[in-house]
Amino acid sequence: MAAENSTDALVAAGVRTYVPNYAPKPVVFDHGEGSRLWDVDGREYIDLGTGISVNSFGHGHPGLIEAVTTQAGRLLHASNLYYVESTVRLAEELVEATFAERVFFCNSGAEANEAAIKIVRRHASEAGRGPEEREIITFEGSFHGRTLATVTATAQPKYHEGFEPLPGGFTYCPFNDPEALEAAVGERTCAVMLEPVQGEGGVTPARQGFLRHIQDLCRRHEALLVLDEIQSGMGRTGKFFAYEWEAGIEPDVVTMAKALAGGLPMGAVLVGERASGALTVGTHGSTFGGNPVAAAAARVAVRLAGSADLLANVARQGDAFRLFLNRINAELGLFREVRGRGLILGAELAEAYEGKAGALVDACADEGVIVLVAGPSVLRLLPPLNISDEDTGEAASRMERAFRAFAAG
Ligand SMILES: Cc1ncc(COP(=O)(O)O)c(C=O)c1O
């Protein structure tokens with residue numbers, strides 16, 4: 001029989017007791033430091049997945065640990081019936097550092113987008129627009145979450161199957177197609193919502209000019225611009241928010257989560273001047289939203305994500321990973337395209353390997369590198385934003401071995 005805390009015993013217990021909506025690898029992680037992770041058998045990995053863009057500042061960051069333990073020793077929770085210093089300070093710091101006038105805190109990306117949807121609808125309602133004039137436009141290939149409203153905002157049918165009837169009031173447009181959008185936006189539109197770099201849908205950045213085009217259309221039709229920066233924000237692309245890569249963008253609502261608290265669950269909705277009064281007392285809430293411990297961590301994470309040194313490292317390491325992927329691809333012909341920005345990178349498999357991104361992830365794990373997929377045919381890298389030159393080099397060597405083994409069949 002397997003020892004009590006062996007990989008086999010823990011995996012078997014998880015398989016037996018978890019609702020089977022995930023398909024975890026039979027690996028049990030024990031601890032991490034910087035860009036490295038160790039499983040319970042002592043095997044070491046370089047982590048280029050960061051828990052799906054959550055552990056963006058590496059594992060065991062001393063600043064995060066200090067903030068979390070100090071706050072945990074003072075107060076774990078108080079509720080939104082009162083104020084707590086760490087949450088108030090975080091809100092102040094986000095308002096100071098961004099376009100936002102006000103902030104709403106929650107616990108996850110889906111909750112942040114759910115709140116954003118309520119905010120834009122309520123804003124339209126306050127302007128005297130009826131339910132049929134509160135349509136939200138989203139984009140094919142998007143991913144906005146798994147609650148019923150956010151999964152409906154997610155314009156990918158595979159996420160909808162079996163959950164109908166879905167909430168109404170969402171219209172889908174092709175991504176990066178200004179003409180199609182122009183035809184779709186109208187009197188009924190209350191908001192356009194998108195990820196500046198589509199993550200789960202395949203790592204696809206908005207083309208230069210697309211955000212500006214959307215913003216102009218929104219202004220013309222009195223619709224709000226909602227940007228989902230849950231995966232692309234917090235320095236991931238080399239700027240604090242990915243939308244900053246295009247000049248002159250002033251969103252009305254931006255949603256954040258994932259790396260916001262450096263590994264603890266936290267979401268936030270940043271609201272600009274137009275919609276800052278949309279949610280009045282009693283219209284929305286969350287028991288855990290703005291949790292003091294998560295907020296203490298987020299204050300550290302937000303400071304790290306805004307630092308010039310970290311953003312410069314994202315650009316440098318992003319270039320190094322791209323260079324590596326393109327070099328190895330020139331030799332092996334694995335990929336149709338390498339794309340992304342900063343440290344959100346996608347490598348779409350060539351036709352001969354279509355649908356095999358999962359097998360490539362497994363080949364990388366065999367060599368001691370954690371990478372992800374974005375759909376069946378895209379390999380996705382989301383390395384820690386503070387990864388060192390040495391770890392990037394070592395990860396590339398390991399991936400090269402994995403890619404060669406994969407290509408050899
Ligand atoms: C862009 C984007 N929006 C929303 C979500 C949903 O976030 P969560 O899983 O925290 O609910 C995700 C998660 O992958 C995401 O990438």
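Analyst: What follows describes the ligand site, and then one histidine. The model is predicted, and the distances and areas below are computed from it.

The shell around the ligand consists of 13 residues. Gly109, Ala110, Asp228, Gln231 and Lys258 are the closest of them. Sorted by class, the shell holds six polar, four charged and three nonpolar residues. Among the elements of secondary structure, helix α5, which spans residues 109-126, gives the most to this shell, with three residues.

Gln231, one of the closest residues, has a polar side-chain atom 2.8 Å from an oxygen atom of the ligand. Glu200 also places a polar side-chain atom by a ligand oxygen, here at 3.4 Å. With Phe143 the backbone takes part: one of its backbone N or O atoms lies 3.3 Å from a nitrogen atom of the ligand. On its own the ligand has 390 Å² of accessible area, and the protein covers 81% of this.

A separate point concerns His61. This residue sits in the loop that runs between α2 (50-53) and α3 (62-74). His61 counts as buried because its relative accessible area is 19%, and the limit for that class is under 20%. Its side chain reaches the backbone nitrogen of Gly63 at 3.0 Å. If neighbours within four places in sequence are left aside, His61 is in contact with Leu304 and Asn386.

Methods:
Residues are numbered from 1 along each chain as its sequence is written. This is a predicted model: local features need pLDDT of at least 70, side-chain atom pairs count only at pLDDT 80 or more; totals for chains, interfaces and linings use all residues. Side-chain values use heavy atoms; hydrogens and water are left out. A residue is near a molecule or strand if one of its heavy atoms lies within 4 Å of it. A polar contact is a pair of N or O atoms within 3.5 Å; within protein, one must be able to donate a hydrogen and the other to accept it, and residues adjacent in sequence count only if both atoms are side-chain atoms. Accessible areas come from the Shrake-Rupley method with a 1.4 Å probe; for residues, only the protein chains shown count as cover. Helices (H or I, at least four residues) and strands (E, at least two) are DSSP runs, numbered from the N terminus. Ala, Val, Leu, Ile, Met, Phe, Trp, Tyr, Cys and Pro count as nonpolar, Asp, Glu, Lys and Arg as charged, and the others, Gly among them, as polar. Buried means under 20% relative accessible area, exposed over 50%, partly exposed in between (1.4 Å probe, protein chains only). Contact means heavy atoms within 4.5 Å.
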